[in-house]
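Dear colleague,

I am handing over the structure below for your records. My notes on what was found in it follow directly after.

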Amino acid sequence: MTTSSAAGVFDRTHRLTTAGLLMLITFVAFESMAVATAMPTAVTELDGLAWYGWPFSAYLVASVFGMVVGGDLDDRRGSRAALLAGATTFAAGLLAGGLAGHMAMFVAARAIQGVGGGIIAVSLYVVAGRAYRPALRPRLFAAFSAAWVLPALVGPLLAGLITTHAGWRWVFLGILPLIALGLALLLPALRRFGAPEGATAPGSARRWSALLAGAGVAALQYAGQRLDSLAPVVAVVGVTALVAGLRPLLPQGTVRARSGLPAVIGARGLLAGSFFGMDALLPLSLTALHGYSPTTAGIPLTAGALGWALASQWQGRRPDVARVVLLRAGFLLLAAGVAGTALVAVPGLPGWPSYLTWGVAGLGMGLGMPSLSVLLLEQSPEERRGADSAAFQIADVTASALCVGVVGVLVAASTASLLTLPAAVLLAVAVLTAIALVGAWLAPRAGAPAAVPDPAIPATTLRAS
């Protein structure tokens, strides 16, 4: 390893860029963790309890749209312009949310935040590809993971204190100057990154497709929350809209996990879906089956976050290990962690082993997620890196929504007495474990040379098969 490589991502060349990126990640992550804590107070004060789910769905739908916009901006105008647009839009959403006097305005503010957050999420990967050489990227993505862990650990508690002592509005308004600080550090360092050569202007159809896909995600999320006979109808509508919206947004061959970039993006969906599907179910299982308090039931999620951070830091120090090897190990650890969590549904056994098993699942994510990020940048040409990074993030969001929707259907079946809750949990564990094992089987394709594209298909076209 060279001296420059040993200096890592905080050497003189990268110091400001790294600090700015990590600050943006930390504060966007804090907002996503904190808003759930502040939401009950906010909707009560705004007399909008009947709209409780809308601020979450508005953010989710808008973030999918923002991911496509961010990819287009990065490819057409460069990372500096895209990050400026993303951070400014996110800050505008924070301001509008903090000043909202009506629930409709609050929902609109959350949608604005979602657009900004989606642009930022994509731009982070594009900047990583343009500002950091390959040897430094594993360390950078390890730092990204660490920047998410701190908000996961302290975000809900800090948001609760702010809501109690200063008011829920400061959960939004208090972050504004910190977003500005991160942007001030980052933009001067990105001055040299303009639009890549060979970039083409995208059509507006991609943005309409993003809205359709986002609506599909929201419908699936809503279906998972419903506990009545209408849920399957909503789910079918959601899947139909999602499939139609995703076709122009994902590389051709993503569904079949074709070797190369499509397999990388498909693996991102499998990894996120398996993990976040169980992540949503585990606290409910501990509360309903073992009588744990909300705080105690949340401890496994903290263990998962810590495992994620530890494994991510380790992989950042092992550039000598092939990314595909780490990816397969990550999928296998995730499968073991999810499968082990089935113990929570076994009568007569305590719930605390899930603290350990979910830590194992977190280790799998810490190996798998950074490895996929490195593989994405290796296989995505610079002139299309924005669009490919958007597809990467969209796969994450949509697969997570699908898996959480499946979990929601199983829980709904238990409330309708079609299944017992332990049986619903065991079925969910079986499905999510199978998804992780499929990911382990397909992992080598993510590192294989890309298949030769069909010459009849334009190189700039992104379609799912």
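Is Ala446 buried or exposed? Ala446 is buried, with a relative accessible area of 1%. Please bear in mind throughout that this is a predicted model.

**Overall fold**

The chain contains 17 helices and zero strands. Of its 465 residues, 56% are buried. Among contacts between residues at least 6 apart in sequence, 84% join residues at least 24 apart.

**Ala446 and its surroundings**

Ala446 belongs to helix α17. Leaving aside neighbours within four places in sequence, Ala446 is in contact with Gly260, Ala263, Val264, Val324, Leu327, Leu375 and Gln379. A further pairing spans the sequence: Ala446 and Gly266 are 180 residues apart along the chain, yet their C-alpha atoms are 8.8 Å apart in space.

**The cavity**

A search of the whole structure finds one cavity of 30 Å³ or more. The space in this largest cavity is about 30 Å³. Which residues line the largest cavity? They are Ala257, Ala263, Ala267, Leu270, Leu442 and Ala443. Helices α11 and α17 are the elements that give two or more residues to this lining, and α11 gives the most, with three residues. By class, the lining of the largest cavity has six nonpolar residues, no polar and no charged.

Ala257 is found in the loop between α10 and α11. Its phi is positive, at about 55°, although Ala257 is not a glycine. With a relative accessible area of 6%, Ala257 is buried, because the cut-off for that class is under 20%.

**The second largest pocket**

The second largest pocket holds about 580 Å³ of space. It is lined by 29 residues, and the closest to its centre are Leu246, Val255, Thr398, Ala399 and Leu402. The elements that give two or more residues to this lining are α10 (231–246), α11 (261–290), α16 (385–415) and α17 (421–447). Helices α11 and α17 therefore contribute to the lining of this pocket as well as to that of the largest cavity, by the helix assignment used here. The lining of the second largest pocket comprises 21 nonpolar, six polar and two charged residues.

**Helix α15 and Ser373**

Helix α15 (residues 353–379) is where Ser373 is placed. This helix has 27 residues and reaches 39 Å from its first C-alpha to its last, close to the 39 Å expected at 1.5 Å a residue. Because 21 of its 27 residues are buried, α15 is largely enclosed by the rest of the structure. Ser373 itself is buried, with a relative accessible area of 3%. Not counting residues up to four places away in sequence, Ser373 touches Tyr125, Phe141, Arg268 and Phe392.

In soluble globular proteins, nonpolar side chains tend to be buried together. Here the largest nonpolar core has 123 residues, and those with the most contacts inside it are Leu21, Phe106, Phe144, Ile179 and Leu334. Helix α2 (residues 15–45) provides the largest share of this core, with 14 residues. A second, separate core has six residues, among them Ala62, Val69, Leu73 and Ala82.

What does Phe106 touch, not counting residues up to four places away in sequence? Its partners are Met39, Ala42, Leu46, Pro55, Gly97, Ala100, Trp168 and Phe172.

**Ala111 in helix α5**

Ala111 is found in helix α5 (residues 103–131). Ala111 is partly exposed, with a relative accessible area of 23%. Its C-alpha atom is separated by 7.5 Å from that of Pro55, 56 residues apart along the chain. Pro55 is also one of the residues that Phe106 touches. Not counting residues up to four places away in sequence, Ala111 touches Ala58 and Ala62, and Ala62 is included in the second core.

With kind regards

Technical notes: Residues are numbered from 1 along each chain as its sequence is written. This is a predicted model: local features need pLDDT of at least 70, side-chain atom pairs count only at pLDDT 80 or more; totals for chains, interfaces and linings use all residues. Side-chain values use heavy atoms; hydrogens and water are left out. A nonpolar core is a set of buried Ala, Val, Leu, Ile, Met, Phe, Trp, Tyr and Cys residues joined through side-chain atoms within 4.5 Å. Buried means under 20% relative accessible area, exposed over 50%, partly exposed in between (1.4 Å probe, protein chains only). Helices (H or I, at least four residues) and strands (E, at least two) are DSSP runs, numbered from the N terminus. Contact means heavy atoms within 4.5 Å. The expected span of a helix is 1.5 Å times one less than its number of residues. On a 1 Å grid over the protein atoms alone, a cavity is a set of points where a 1.4 Å probe fits but cannot get out, and a pocket is an open set with protein on both sides within 12 Å along at least five of seven lines; lining residues have an atom within 4 Å of a point. Grid points are joined across faces, edges and corners, and a volume is the space filled by probe spheres set on the points. Ala, Val, Leu, Ile, Met, Phe, Trp, Tyr, Cys and Pro count as nonpolar, Asp, Glu, Lys and Arg as charged, and the others, Gly among them, as polar.
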